[in-house]
Amino acid sequence: MTVESTAARKPRRSSGTKRASAKKTPQSKSSEPQLVQLLSPEGERVEHPDYQIDPTPDELRGLYRDMVLTRRFDGEATALQRQGELGLWASLLGQEAAQIGSGRALHDDDYVFPTYREHGVAWCRGVDPTNLLGMFRGVNNGGWDPSSNNFHLYTIVIGSQTLHATGYAMGVAKDGADTAVIAYFGDGASSQGDVAESFTFSAVYNAPVVFFCQNNQWAISEPTERQTRVPLYQRAQGYGFPGVRVDGNDVLACLAVTRSALERARRGEGPMLVEAFTYRMGAHTTSDDPTKYRADEEREAWEAKDPILRLRRYLEKQGLADEAFFTALEEESEALGKRVRETVRAMPDPDPLAIFDHVYADGNALVDEERAQFTAYQASFADTDPDSGSAGEGK
């Protein structure tokens, strides 16, 4: 692993696009970050001495299916928000390879701590996509049992899940379990103190945790280059554990690198940082407008590296998928979109008073008073006589 010289780096205003497209040179002579890539944007296999993988045709088609269906679900969720069915949505558009590749590297007994954008990882863990939407519709506080899939509830507070993951991994190590933990976070979260503390504790206690950073180039409107003087993966060196940068739009590379990092953790060799170098094709969330802070040319450059398109090119070139496969997948994709749409619109509203039920185990006088006040407030909106029209009509 090379350490990029700070003096050799010149200030630049452009996004990470140039770094991602730079040609690889021998590691000992390169001042640029080393990028692990196994599948080029043109759909050609690339060899890497440290990360090798030989998936079967069925596995390749499965990875493609995962990415297509995840993107379809994500697109449907965005549309539902625009139609007023969801309060907010954080899209993963463009990050499918990073999530599906890393998600499929996990063992069943591994544990995942996500942010609020890991819809593809949730898919890999068997969480029903419709369960992800309840919180964004405001009808529940999560929607699934984390212990059922070893997939924690979404974390809205930026970076705090890395602390949860580190603590859980420390516990796993004390239990002697053959289990790895993975924590997902973005480039913006890497600037949080919580993440720095997680790195410190995981290194000191040799915790079996993989920190998976999806560097999508933008922390809302702040580019990565304004957050760090070195590539994010190199930060791990200062804490005493290895880091690696992987092509986040290459599902095979993400699978191979994450699998290796998880196996390393299970062997008791401690934490590792994986930086998936990718791009957020859409807005940070549906409340954001990326046209205010980034150029169309930047997005267009990354569109040429689309993770789904590059795997399709490989499948077609190698004769591993025919038109019947793609047609059937398109039909499955539309069926998924329809199911998501119908399920969300049919979600029942929660009982407004349920918010008071689990504040204290044995009740509390102040909570009882607040419940009574809120009950009276809710009742003020109800009709006094449902059959006579609006409340107080005719009086």
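**Close-up views of the sheet, the cores and selected residues**

**View 1. Strands β7 and β8 run parallel and are joined by five bridges.** Two strands count as paired if DSSP finds at least two bridges between them. Helices (H or I, at least four residues) and strands (E, at least two) are DSSP runs, numbered from the N terminus. Within this pair, Val246 has Ala276 of β8 as its bridge partner. This is a predicted model, in which local features need pLDDT of at least 70 and side-chain atom pairs count only at pLDDT 80 or more, while totals for chains, interfaces and linings use all residues. Residues are numbered from 1 along each chain as its sequence is written, and side-chain values use heavy atoms, with hydrogens and water left out.

View 2. Cys213 has Glu275 of β8 as its bridge partner, and Phe212 stands opposite Val274 in β8. Six of the six residues of β8 are buried, meaning under 20% relative accessible area; exposed is over 50% and partly exposed lies in between (1.4 Å probe, protein chains only). In a regular strand the side chains alternate between the two faces of the sheet.

**View 3. The open sheet contains six strands with parallel pairing.** The strand order is β1-β7-β8-β4-β3-β2. β1 (35-36) and β2 (111-113) are the edge strands; each has a single partner strand, so one side of each has no neighbour in the sheet. Helix α7 (residues 160-175) packs on the sheet and touches β2, β3 (181-186) and β4. Its direction makes about 170° with that of β3. Helix α9 lies across β1, β3, β4, β7 (243-247) and β8, and runs at about 155° to β7. These angles are between N-to-C directions and run from 0 to 180 degrees, with axes fitted to C-alpha atoms, for helices over the stretch in contact.

**View 4. The largest nonpolar core has 69 residues.** A nonpolar core is a set of buried Ala, Val, Leu, Ile, Met, Phe, Trp, Tyr and Cys residues joined through side-chain atoms within 4.5 Å. Tyr64, Leu133 and Leu311 touch the most other members of this core. Its largest share, 10 residues, comes from helix α9 (residues 251-266). Leaving aside neighbours within four places in sequence, Leu311 is in contact (heavy atoms within 4.5 Å) with Leu39, Leu60, Leu63, Tyr64, Met67 and Val251.

**View 5. Phe73 is a buried residue of helix α2 (residues 57-82).** Its relative accessibility is 3%. Not counting residues up to four places away in sequence, Phe73 touches Trp89, His119, Pro129, Leu132, Leu133, Leu336 and Val340. The C-alpha atom of Phe73 is separated by 9.5 Å from that of Gly120, 47 residues apart along the chain.

**View 6. Helix α3 (residues 96-103) is largely enclosed by the rest of the structure, because eight of its eight residues are buried.** The buried residues are Glu96, Ala97, Ala98, Gln99, Ile100, Gly101, Ser102 and Gly103.

**View 7. Gln217 and Ile220 have positive phi values.** Most residues other than glycine have a negative phi. Phi of Gln217 is near 80°, and that of Ile220 is near 55°. Gln217 sits in the loop between β4 and β5 (218-219), and Ile220 in the loop between β5 and β6 (222-223). Gln217 is buried at 1% relative accessibility, whereas Ile220 is partly exposed at 40%.

**View 8. Residues 1-30 and residues 391-395 have pLDDT values under 50.** pLDDT is the predictor's confidence in each residue, from 0 to 100. The chain average is 90, and 89% of the residues score at least 70. The model has 48 contacts for residues 1-30 beyond near neighbours in sequence. For residues 391-395 there are five contacts beyond four places in sequence.
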